[in-house]
Amino acid sequence: MSTAKIGENAGLIWNALQGGALTTDALKKATKLKVADLNLALGWLAREDKVYFEENENETIVGLK
């Protein structure tokens with residue numbers, strides 16, 4: 001996968017999180033990304049310090065900083 005595509009997917013995630021934090025499952029559903037593509041894009045956003053992660057029970061919640 002190209003870095004351009006990962007960046008594009010990061011934009012999808014960014015837009016989905018504008019309404020508030022989501023679980024990774026809800027984020028996957030909202031963006032329609034495959035798990036691998038979602039994780040790559042989340043890594044991109046995390047490296048840029050744009051998102052935060054919280055562990056809640058058996059779920060990971062992602063939100064914008």
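Among contacts in the protein chain between residues at least 6 apart in sequence, what percentage join residues at least 24 apart? The figure is 49%, where contact means heavy atoms within 4.5 Å. This is a predicted model, in which local features need pLDDT of at least 70 and side-chain atom pairs count only at pLDDT 80 or more, while totals for chains, interfaces and linings use all residues. Residues are numbered from 1 along each chain as its sequence is written, and side-chain values use heavy atoms, with hydrogens and water left out.

**Overall architecture**

- The protein chain holds three helices and three strands, these being DSSP runs numbered from the N terminus (helices H or I, at least four residues; strands E, at least two).
- Read from the N terminus, the order of the elements is α-β-α-α-β-β.
- With a radius of gyration of 11 Å, close to the 11 Å that the globule rule gives for 65 residues, the protein chain is as compact as a globular protein of that length; the radius is taken over C-alpha atoms, and the rule is 2.2 Å times the number of residues to the power 0.38.
- Along the principal axes, the C-alpha atoms of the protein chain fill a box of roughly 35 × 20 × 20 Å.
- Of the 65 residues in the protein chain, 28% are buried, a class defined as under 20% relative accessible area, with exposed over 50% and partly exposed in between (1.4 Å probe, protein chains only).

**Nonpolar core**

- The largest nonpolar core has eleven residues, namely A10, I13, L17, L27, L33, L38, A41, L42, L45, V51 and V62; such a core is a set of buried Ala, Val, Leu, Ile, Met, Phe, Trp, Tyr and Cys residues joined through side-chain atoms within 4.5 Å.
- Two or more residues of this core come from each of α1 (3-16) and α3 (35-47), and α3 gives the most, with four residues.
- Not counting residues up to four places away in sequence, I13 touches L27, T31, L33, L38, A41, L42 and L45.

**Helix packing**

- α1 and α3 pack with their axes 8 Å apart and at an angle of about 85°, the axes being lines fitted to C-alpha atoms, for helices over the stretch in contact, with angles running from 0 to 180 degrees between N-to-C directions.
- α1 is therefore roughly perpendicular to α3, given that angles of 65 to 115 degrees count as roughly perpendicular, under 35 as roughly parallel, over 145 as roughly antiparallel and the rest as oblique.
- This contact of α1 with α3 involves, among others, I6, A10, I13 and W14 of α1 and L38, A41, W44 and L45 of α3.
- The axes of α2 (residues 24-31) and α3 come within 11 Å and cross at roughly 105°, so that α2 and α3 are also roughly perpendicular to each other.
- On the α2 side the contact is made by T24, L27, K28 and T31, and on the α3 side by V35, L38 and L42.

**Individual residues**

- T31, which lies in helix α2, is buried with a relative accessible area of 11%, and, leaving aside neighbours within four places in sequence, T31 is in contact with L12, I13, A16 and L38.
- K32, in the loop between α2 and α3, is not a glycine and yet has a positive phi of about 60°; K32 is exposed, with a relative accessible area of 75%.
- D49, in the loop between α3 and β2 (51-56), likewise has a positive phi of about 60° although it is not a glycine, and D49 is partly exposed, at a relative accessible area of 48%.
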